[in-house]
Amino acid sequence: MLITELKPRETIESLAEGKKVFIINCLGCKEVHFPEKEVTELQKKLAEGGNVTGILTTDYICNPENMELRLKGHMSEIEAADAVLVFSCGVGVQTIAGYLEEKKVCAACDTYPLPGFQGVTPLEYKCDQCGECYLNLTGGICPITACSKSLVNGQCGGSKNGMCEVDPEMECGWERIYRRLEKIGRLDALKCPTQVRNFATDDEVSK
C-alpha cells in the first residue's frame, strides 16, 4: 500500500507561478488517502488567480486506455497550458509524462509506503515511494526506478550505447532523462544543486 501527501504549498504554488497550468487529479486508489480536501482548496486558489486552463479528475491514471481517451477530450486545454500539474502517486505522474512528451509535467504530491499489499498496475512505470519525488527535476522520469543504481545526480558513466551496464537490456535512465529534458526545453533543471537522498522518508509514514 502507499499514501500520497501534498508537497509543501509554496512548492506547488511556485510550479504554477507565472504560468498557465492544466490540473489532473487521480482519485482511483482510495487506500492511498488522497488529500482531496486540501487539494480542492489549493486548486480553487490557483483557479482564482487565473492560472488554470482546466481540471481533469479521473478514477485511475494507471488505466492506459481510459486515460488516453480522457486526455484526448482535454487536449485544447492542455495545449493552452505551460505545464500539467498532476496530483497522484508517482506512477500517475510518469504515465502522464509518457503521454504528453512535448509538455512539462509536474508532480504535486510525494508518495510514501505503507505496510500491506501493493497494488498492481498494467503499466511499465514504477514508483519507489521514496517520499521525496524527484520527477519535477527529471522531466517526469523517475531516477530511482529508471536507473539500476537509483542515482539522483546523473548517470554513472558506465552506460554503453545508451544501455545500462548493470542490465544491458535496460536503457540508461539518465540518458532518457536528458533526452526528455532537452525535448521540453528544460535542460536547465540539470543545473540544480546536488541532491542528497533522505532515506528516512521511506519509513516516515509507516512509523
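**Notebook: fold, cavities and salt bridges**

I looked first at the contacts (heavy atoms within 4.5 Å), and in the protein chain, residues 24 or more positions apart account for 66% of the contacts with a separation of 6 or more. I note that this is a predicted model, in which local features need pLDDT of at least 70 and side-chain atom pairs count only at pLDDT 80 or more, while totals for chains, interfaces and linings use all residues. Residues are numbered from 1 along each chain as its sequence is written, and side-chain values use heavy atoms, with hydrogens and water left out.

**Entry 1: elements and burial**

I counted 7 helices and 6 strands in the protein chain, taking both as DSSP runs numbered from the N terminus (helices H or I, at least four residues; strands E, at least two). Read from the N terminus on, the order of elements is β-α-β-α-β-α-α-β-α-β-β-α-α. Of the 207 residues in the protein chain, 46% are buried, where buried means under 20% relative accessible area, exposed over 50% and partly exposed in between, with a 1.4 Å probe and protein chains only.

**Entry 2: helix H1 and Ile12**

I went through H1 and found that its buried residues are Ile12, Leu15 and Ala16. Seen down the axis of H1, these buried residues fall within an arc of 95°, so they line one face of the helix; the arc is that of the directions from the helix axis to the C-beta atoms. After H1 comes Gly18, which has a positive phi, near 70°.

I then looked at Ile12, which is found in helix H1 and counts as buried at 0% relative accessibility. Leaving out residues up to four places away in sequence, I find that Ile12 touches Leu6, Lys7, Leu42, Leu85, Phe87 and Ala108. Ile12 and Ala107 are 95 residues apart in sequence, yet their C-alpha atoms are 8.6 Å apart in space.

**Entry 3: salt bridges**

Side chains of opposite charge can pair when their charged atoms come close. I took a salt bridge as a side-chain nitrogen of Lys or Arg within 4 Å of a carboxyl oxygen of Asp or Glu, and by this rule the count comes to 7.

I checked Glu13 and Lys45, whose side chains meet in a salt bridge at 3.0 Å, N to O. Glu13 lies in helix H1 (residues 9–16) and Lys45 in helix H2 (residues 36–48), so this pair ties together parts that are 32 residues apart in sequence. Both ends are partly exposed, Glu13 with a relative accessible area of 24% and Lys45 with one of 45%.

I next looked up Glu102 and Lys183, which form a salt bridge at 3.7 Å, N to O. This pair links distant parts of the chain, 81 residues apart, with Glu102 in the loop between helix H5 (90–99) and strand S5 (104–107) and Lys183 in helix H7 (residues 173–183). Glu102 is exposed, with a relative accessible area of 58%, whereas Lys183 counts as partly exposed at 42%. Glu101, Glu102 and Lys183 are linked in a network of salt bridges.

Arg186 counts as buried at 17% relative accessibility, whereas Asp188 is partly exposed at 44%. Not counting residues up to four places away in sequence, Arg186 touches Lys104, Asn136 and Leu181.

**Entry 4: cavities**

I searched a 1 Å grid over the protein atoms alone for cavities, each a set of points where a 1.4 Å probe fits but cannot get out, with lining residues having an atom within 4 Å of a point. Grid points are joined across faces, edges and corners, and a volume is the space filled by probe spheres set on the points. By this rule I have 2 cavities of 30 Å³ or more.

The largest cavity holds about 120 Å³ of space. It is lined by 16 residues, of which Cys147, Cys156, Cys164, Glu165 and Cys172 are the closest to its centre. By class, I read the lining of the largest cavity as 7 nonpolar, 6 polar and 3 charged residues, with Ala, Val, Leu, Ile, Met, Phe, Trp, Tyr, Cys and Pro counted as nonpolar, Asp, Glu, Lys and Arg as charged, and the others, Gly among them, as polar.

The second largest cavity holds about 110 Å³ of space. Of the 14 residues that line the second largest cavity, I find Cys127, Cys130, Cys133, Tyr134 and Cys142 closest to its centre. The lining of this second largest cavity has 7 nonpolar, 5 polar and 2 charged residues.

Definitions and conventions
On a 1 Å grid over the protein atoms alone, a cavity is a set of points where a 1.4 Å probe fits but cannot get out, and a pocket is an open set with protein on both sides within 12 Å along at least five of seven lines; lining residues have an atom within 4 Å of a point.
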